Amino acid sequence: QCNGIPSLSSAMAWAAGQALRETGVALERLACRMLGDLTYKESLSCHRNVMRIFSDSPKVKEGCFVAPTASVMGKVTLGANSNVWYSAVVRGDRKNISIGSNCNVMERAVLSPVSGEISIGDNVTVGAGAVIRSVKIGSGSMIGASAVLEDSVVVEEGAAVAAGASVPASTVVPAGQIFTSAGLRALKADELAAISAICGNISKSAPVHTAECNKSFKDIEKEKEGYEWQQPVEDKDPFGLLSNDHDKAALWRSRFM
């Protein structure tokens, strides 16, 4: 290599390697077609649940669970034992997102700051389908399912936003109160206890999901043996040569001859 230009030998080696790889892929696909297995046509998903954006990589602390279908990207800090559940999006490609310890971002929730950062304290639950913009959420709070928090909203410690409520920009939800579609009201004692219990109960199931999602391909296939709906029917005579199945033989000839 000279002045960043690859030498002739390295270019030839690369070309030969590409040719061998393409030949191997072609042979594999031919074998699959002969066996009637067309799974090679399925597109490969390049989804990553934790993804770097430019030079910004998420910082995920010990004990966290990030579901395989979730997306945590960019300038995100996820505190110890916090969880991002299935199909949730924590998008830190524009502004910082800081999530404390023992938090849960539930299914389909979207954290996407635009005008400023998102700051979430400890022991916070963000309900399923909630949409969070540039906000500050204090520790011990709860955001209900499908709630929407616009820019510059502040949810103080021990406060809550009801399910489906839309909180206008620059609103402050005081400690010990809940924002509902009808306005603010004080949280009852049993509601405060429930907010604390919900976060802990959700977190208890995270280790189970972590173990299941980290199973090897061999273990997963072994488990499928007990699932009737997953049991494949193996065709031991795909060409009809052993059983004199003329229909199969005709199908094979139509494909390759």
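Colleague: What should I know before we start?

Modeller: This is a predicted model, where local features need pLDDT of at least 70, side-chain atom pairs count only at pLDDT 80 or more, and totals for chains, interfaces and linings use all residues. Residues are numbered from 1 along each chain as its sequence is written, and side-chain values use heavy atoms, with hydrogens and water left out.

Colleague: Why is Ser141 called buried?

Modeller: Buried means under 20% relative accessible area, exposed over 50%, partly exposed in between (1.4 Å probe, protein chains only). Ser141 has 1% relative accessibility, so it counts as buried.

Colleague: What does Ser141 touch?

Modeller: Contact means heavy atoms within 4.5 Å. Leaving out residues up to four places away in sequence, the residues touching Ser141 include Asn123, Val155 and Ile195.

Colleague: And why does Leu30 count as partly exposed?

Modeller: Its relative accessibility is 41%, so Leu30 goes in the partly exposed class.

Colleague: What makes Phe65 and Tyr86 an edge-to-face pair?

Modeller: Rings of Phe, Tyr and Trp (its six-membered ring) pair if their centres lie within 6.5 Å; planes under 30 degrees apart count as stacked, over 60 as edge-to-face and the rest as tilted. Phe65 and Tyr86 sit 6.0 Å centre to centre with 65° between the planes, hence edge-to-face.

Colleague: How do you know that Trp85 and Tyr86 are tilted?

Modeller: Their planes are 50° apart, at 6.3 Å centre to centre, and that pair is tilted. Phe65, Trp85 and Tyr86 form one aromatic cluster.
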